[in-house]
Protein chains: 2
Amino acid sequence: MPSPVASMELLARMRRGDAVALGRLISRAEAGVEEARAALAEVYKASGRAHIVGITGVPGSGKSTLVSKLVQQVRRDNRRVAVIAIDPSSPFSGGAILGDRIRMSELVLDPGVFIRSMATHGSTGGLAHAALAAADILDVSGFDMIMIETVGVGQDEVEIARASHTTVVVSAPGLGDDVQALKAGILEIADIHVVSKCDRPDANRTITDLKSMLALAASLGEKPVWQVPVVATSSETGQGIGELVATIDEHRSVHQGHPLGKERLRHIAEYRALKTAEDLLRSRFAASRGTRLAELVERISRRELDPFAAAETLLNNAAI
Amino acid sequence: MPSPVASMELLARMRRGDAVALGRLISRAEAGVEEARAALAEVYKASGRAHIVGITGVPGSGKSTLVSKLVQQVRRDNRRVAVIAIDPSSPFSGGAILGDRIRMSELVLDPGVFIRSMATHGSTGGLAHAALAAADILDVSGFDMIMIETVGVGQDEVEIARASHTTVVVSAPGLGDDVQALKAGILEIADIHVVSKCDRPDANRTITDLKSMLALAASLGEKPVWQVPVVATSSETGQGIGELVATIDEHRSVHQGHPLGKERLRHIAEYRALKTAEDLLRSRFAASRGTRLAELVERISRRELDPFAAAETLLNNAAI
C-alpha cells in the first residue's frame, strides 16, 4: 500500500488548481484526520475572501432545487460557486442519500462548480467543524461564493446556517397554516426570507404572513441597518432567482467593513472556537475509553456519580 | 422580593408530592441554575426506576397525537406518566409554541399525568442536559413512564430520543415516496417502529417498505435479542395503541438485567457525561467573555489564530 499523500502536499496541489486534491482535503477535514490539522490551520489563516451563504428551511421547502437554480445564476457572472449540502445519513450505506442532489447533476461537469454532500453521521458530532473547515478549503481554493445548505430543524443544523455571512431562510406555500420559519424557530436568523414555489396559488398567503411577522418584529425595535426582505422565487419559472442573488450580494456589501459585519465575524469565530473545543473534548473522551474514564462512565451508570460531577472531572483532566 | 426557595427545599417538597415544586425544579434544571446542582446530583443518584421512552419522527408524522393516545392508554393501568416535548422555540415570545400541545389539554387535569414543553432555544445549547435532568426529576417524583418526544431531524434531537431505555420511531403514510426514517437517518435508532395514521389507504405501502428495510438490515447481521417490530397505529380509531404500549413494556422487560440493557445504560451515562461537559465548557466560555477569551476570539476573527489552536488553549484553561 502506498503511503498516503501528506495534507500539506494536497494543499499545495489544490492551490495549483487540482480538484482531486481539493476533494481529498475536504474528506480529511470531515473525517477529523489528525495529520491534516496543520494544513487546515494554514487554510484557515489564508481564508476570508469568499462569501459564505447559509441556506436553510424546513423539509419540503424546496431548498435543494432553489440552490441548484442559484448556482446557475451565480455562474452567469462567471463567479465560481460551491455547495456544501448537509444531509441526513443513510444508516445502511453510511453515506448520504443522493435524493435531491441528483437533479444537480447537470452542474457537476462545470469546473466552476463544486458540490459536496455531507452526512450528519448520527451521533458522532463534529458536523459544524467539518462543514466550516470545508468552507475554508473552498474559499482558499478560489470559490467566490460558498453555499451551506442545511435542514432548518435541529439545533446544530440551524447554528451552522447561521455561521455564515448571509443567512437565507426558505419557506414554501402549502406546508400547513403556520409560518414554517416561526414554528421551526428560525424566523429570527434570516437575513433574507425566500418564499419558494411562488408560482403556486397559495404562495401569496405565505408571503403576506411572513411580511406581517417581520413588520411586527420590526415595530418592536429600532430601525435596523438591514431591513430583512422577503423574496418570492419559483424554481419552475425562474422568477425571483436573479433578484435573490442580487439581494444576497447586497447584504454582503452593506455589511462588509460595517461594525455589524465585524461583530458577526466575531460571533462566527466564537462559535467555531467553541464547536472545535467540543469536538476536541469528544475525541479526547473517545480516546480514553477503556481506561479510567470507562470507570467514570460505569460509576455514572451505577448512579454513584452524577453527570455533572463526572463532567467537571472530565474537563479538569482534558488538558492532560 | 422574597428570597428564592432553595432547590433542596423544592426537592423535599416534591418528594412529598408537591406538583408546583416539581415544576419549579424542572425550570431550574432547564435554566441551568447553578444553585440547583446539588439537588440535581441528589436527584440523579436517586433515579433509575422509571421507564424512559424516546419518541421521535419527522415533522408531520403524527408524533404528538400518538403521544397523547399513549398517555391515555398507560393511564388505564393506573401508571403515572410524564411527557417532555421538545419543541422549536418561538423567536418572539421566547417560549415554545403550544400548537399540538393544546390537544393534550384534556389530560392536564389528571394528576397522574405531567406534560412539559421544552424550547430548543436556538443557539444556547444544553437541551440534552435539560431534558434528561427533567426526566431524572420526574423519575424521582414517582412517574412510572417518561416519554421524551423530539423531532426526528437534527443531530441533538435524534441523540436525545436515543438516550432512553426504549426508542420509538414514528413514520406516517403520505409524506413522500421514501421511507422517512431512512431519509432522516433514524431508521437504525428504533427499538420499535410505528406507522401512524394506519387508517389511511396508503399506510400499507409504508408498512411494507419499512418491513422490507428491516428484513434487509436483519439479513446482514446475526439474529438479534430483540427483533425490531413495526406497529401500525391510528390515533383516529385507536387501533394499535394498546399493542404499542405492550410492545414498549416488552422491550423493557427483555432488556432489563440483560447485558444489552446494561450496555445501553452505560452508553446513556457516557452521553450524559459528555453533553454535560460540553455545557460546562460552554458556560465557562460564556463567563469569560470580555476577558482574555474575547481577545482569543478577536484573533480568530482576524485569522491570526485557527479555531483548532484556540480550542486547545480553551480546553487547557478550562480547568482553571
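This is a predicted model: local features need pLDDT of at least 70, side-chain atom pairs count only at pLDDT 80 or more; totals for chains, interfaces and linings use all residues.
Visitor: Is B:Cys198 buried or exposed?
Guide: B:Cys198 is buried, with a relative accessible area of 14%. Buried means under 20% relative accessible area, exposed over 50% and partly exposed in between, using a 1.4 Å probe and protein chains only.

Visitor: And what's the relative accessible area of A:Cys198?
Guide: That one comes to 15%, so A:Cys198 is buried.

Visitor: New topic: what's the secondary structure of chain A?
Guide: Chain A has 12 helices and seven strands. Those are DSSP runs numbered from the N terminus: helices are H or I with at least four residues, strands are E with at least two. Of the 320 residues of chain A, 55% count as buried.

Visitor: How many residues of α5(A) are buried?
Guide: 14 of its 14, so to speak a mostly covered helix.

Visitor: Which residues of α3(A) meet α5(A)?
Guide: A:Leu40, A:Val43, A:Tyr44 and A:Ala46 in α3(A) meet A:Asp136, A:Ile137 and A:Val140 in α5(A), with contact meaning heavy atoms within 4.5 Å. By class, that contact has six nonpolar, no polar and one charged residues. Ala, Val, Leu, Ile, Met, Phe, Trp, Tyr, Cys and Pro count as nonpolar, Asp, Glu, Lys and Arg as charged, and the others, Gly among them, as polar.

Visitor: What comes just after α5(A)?
Guide: A:Gly142, which takes a positive phi of about 105 degrees.

Visitor: Over to chain B. Why is α4(B) largely enclosed by the rest of the structure?
Guide: Because 10 of the 14 residues of α4(B) are buried. Among them are B:Leu66, B:Val67, B:Leu70 and B:Val71, along with B:Lys63 and B:Arg75.

Visitor: How far apart are the end C-alpha atoms of α4(B)?
Guide: They're 20 Å apart, which agrees with the 20 Å that its 14 residues (63-76) should span. The expected span is 1.5 Å times one less than the number of residues. Just after α4(B), B:Asn78 takes a positive phi of about 65 degrees.

Definitions and conventions. Residues are numbered from 1 along each chain as its sequence is written. Chains are lettered from A and ligands numbered from 1 in the order in which they are written. Side-chain values use heavy atoms; hydrogens and water are left out.
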